[in-house]
Amino acid sequence: MKKEVLKILKLEVQIPQEAFWSIVGSRDENIKYFEEIFGIDIFARGTSLIAEGEEESLDRFEDFMHKVASYFEGGHHLSPQDVRNLAVGYKNETEKSEEKIVGNYETILFTHRKKPIMAKTPSQKIYIETIKKNDITFGVGPAGTGKTYLAMAMAVSYLKQQKVNRIILTRPAVEAGEKLGFLPGTLTEKVDPYLRPLYDALYEMVDPEKIKDMLEKNIIEIAPLAFMRGRTLNDAFIILDEAQNTTKEQMKMFLTRIGFGSKAVITGDITQIDLPKVSQSGLIEALKVLEGVKGIGICRFSEKDVVRHPVVQRIITAYDRYERENEQNSDK
């Protein structure tokens with residue numbers, strides 16, 4: 001049988017000078033990403049990228065570069081990290097073509113630095129649409145899939161559009177039971193380290209001076225989950241982060257706080273439960289109890305949806321495989 005010889009072609013992509021560093025990255029680090037993701041060889045020549053590979057791979061790379069160029073043509077600045085995230089998202093989208101959603105990924109929000117925030121994978125787009133359509137949405141999956149970040153972007157967008165009057169951000173303050181007494185400092189100082197990831201996302205999206213004013217006026221409230229008890233939350237966008245570390249009682253308490261005109265997003269990773277017994281997780285119970293309930297949406301992310309360094313995907317996959325093998329061995 002005659003062996004088929006694959007034809008290697010060459011493609012040159014011109015890059016505007018002002019966008020070159022963002023696309024190529026420091027020390028050409030993004031070129032290495034592109035080579036791995038698209039399965040081609042790339043080198044820079046002046047302000048052009050020369051790519052060599054199979055026709056289908058080159059077509060995908062050219063299509064991706066056109067998408068990236070459209071951001072810069074629209075006056076939006078992308079960092080090298082943004083471009084890498086888009087590349088990983090593009091790869092995931094083409095790999096999951098059977099789940100691909102027709103249409104462009106619309107911008108949810110522009111940060112105070114004019115950076116566009118939008119879905120980068122089909123799963124992220126489904127997540128955003130689920131948030132829009134439901135009163136309560138669960139986003140479940142590994143770190144790096146954009147669960148909390150996109151929920152925050154949706155919350156800020158809803159506030160700017162006056163669809164809600166305030167944003168409430170909460171999470172279990174301590175991994176198992178919110179026992180804060182042994183920590184030094186005031187209550188604010190005690191809980192601040194646990195809420196810091198929420199602050200970080202918020203400060204990226206909203207001007208810091210505006211955030212200070214919003215916090216003082218309680219337009220934005222950041223508090224440990226224990227502070228939700230006894231309240232009814234109307235006209236608010238509420239995000240419960242790290243929900244895998246809620247107890248069953250805490251989860252039920254939170255879900256019954258939702259009031260009229262409110263929207264809630266609950267995020268968590270059921271592989272990262274810090275409670276003494278995994279069976280106590282309120283997130284695991286809620287996913288079983290609320291499956292199919294009207295007004296509640298559930299989005300599940302996998303390691304393929306991780307929009308970070310490609311090695312992070314491989315680490316998550318390796319750990320999942322290792323844990324499955326251990327479970328199988330323990331059952332024998």
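**View 1. Burial and overall make-up of the chain.** Of the 332 residues in the chain, 48% count as buried, where buried means under 20% relative accessible area, exposed means over 50%, and partly exposed covers what lies in between (1.4 Å probe, protein chains only). This is a predicted model, in which local features need pLDDT of at least 70 and side-chain atom pairs count only at pLDDT 80 or more, while totals for chains, interfaces and linings use all residues. Residues are numbered from 1 along each chain as its sequence is written, and side-chain values use heavy atoms, with hydrogens and water left out. The secondary structure comes to eleven helices and eleven strands; these are DSSP runs numbered from the N terminus, with helices being H or I of at least four residues and strands being E of at least two. Among contacts in the chain with a separation of 6 or more, 71% come from residues 24 or more positions apart, a contact being heavy atoms within 4.5 Å. The chain exposes about 17900 Å², and carbon and sulfur atoms supply 50% of that area. These accessible areas come from the Shrake-Rupley method with a 1.4 Å probe, and for residues only the protein chains shown count as cover.

**View 2. The open sheet of β1, β3 and β2.** Here you can follow three strands in the order β1-β3-β2, with antiparallel pairing. The edge strands, β1 and β2, each pair on one side only. Neighbouring strands of this sheet are turned by 20° against each other on average, direction ignored; axes are lines fitted to C-alpha atoms, for helices over the stretch in contact, and angles run from 0 to 180 degrees between N-to-C directions. Strand β1 (residues 9-14) meets β3 over six antiparallel bridges, and Leu9 has Gly53 in β3 as its bridge partner. Two strands are said to pair if DSSP finds at least two bridges between them. Strands of a sheet pair through backbone hydrogen bonds, either parallel or antiparallel.

View 3. Strand β3 (residues 48-53) is mostly covered, with five of its six residues buried. Strand β2 (residues 41-45) pairs with β3 in the antiparallel sense over five bridges, and Asp41 stands opposite Glu52 in β3. The hairpin of β2 and β3 has two residues between the strands, and Gly46 takes a positive phi near 65° in this hairpin. Helix α2 (residues 29-38) lies across β2 and β3, running at about 150° to β2.

View 4. The side chains of Lys10 and Glu52 meet in a salt bridge at 3.6 Å, N to O. This pair links distant parts of the chain, with Lys10 in strand β1 and Glu52 in strand β3, 42 residues apart. Lys10 counts as exposed because its relative accessibility is 57%, while Glu52, at 28%, counts as partly exposed. A salt bridge here is a side-chain nitrogen of Lys or Arg within 4 Å of a carboxyl oxygen of Asp or Glu. A search of the whole structure finds nine salt bridges.

View 5. Lys132 and Glu129 form a salt bridge, their closest N and O atoms being 3.7 Å apart. Both residues lie in helix α5 (residues 122-133), three residues apart, which is about one turn of the helix. Lys132 is partly exposed, with a relative accessible area of 33%, and Glu129 is partly exposed at 28%.

**View 6. The network around Arg171.** Arg171, Asp241 and Glu242 are linked in a network of salt bridges. In the bridge between Glu242 and Arg171, the closest N and O atoms are 3.1 Å apart. The pair links distant parts of the chain: Glu242 sits in the loop between β9 (236-240) and α9 (248-255), Arg171 in strand β7 (residues 166-171), 71 residues apart. Arg171 is buried, with a relative accessible area of 8%, whereas Glu242 is partly exposed at 28%.

**View 7. A nonpolar patch on the surface.** Val311, Ile315 and Tyr319 form this patch, with about 280 Å² of accessible area together. Patches are made of residues with over 30% relative accessible area and no salt bridge, joining like charges within 9 Å and nonpolar side chains (Val, Leu, Ile, Met, Phe, Trp, Tyr) within 5 Å. Ile315 is found in helix α11 (residues 310-331) and is partly exposed, with a relative accessible area of 44%.
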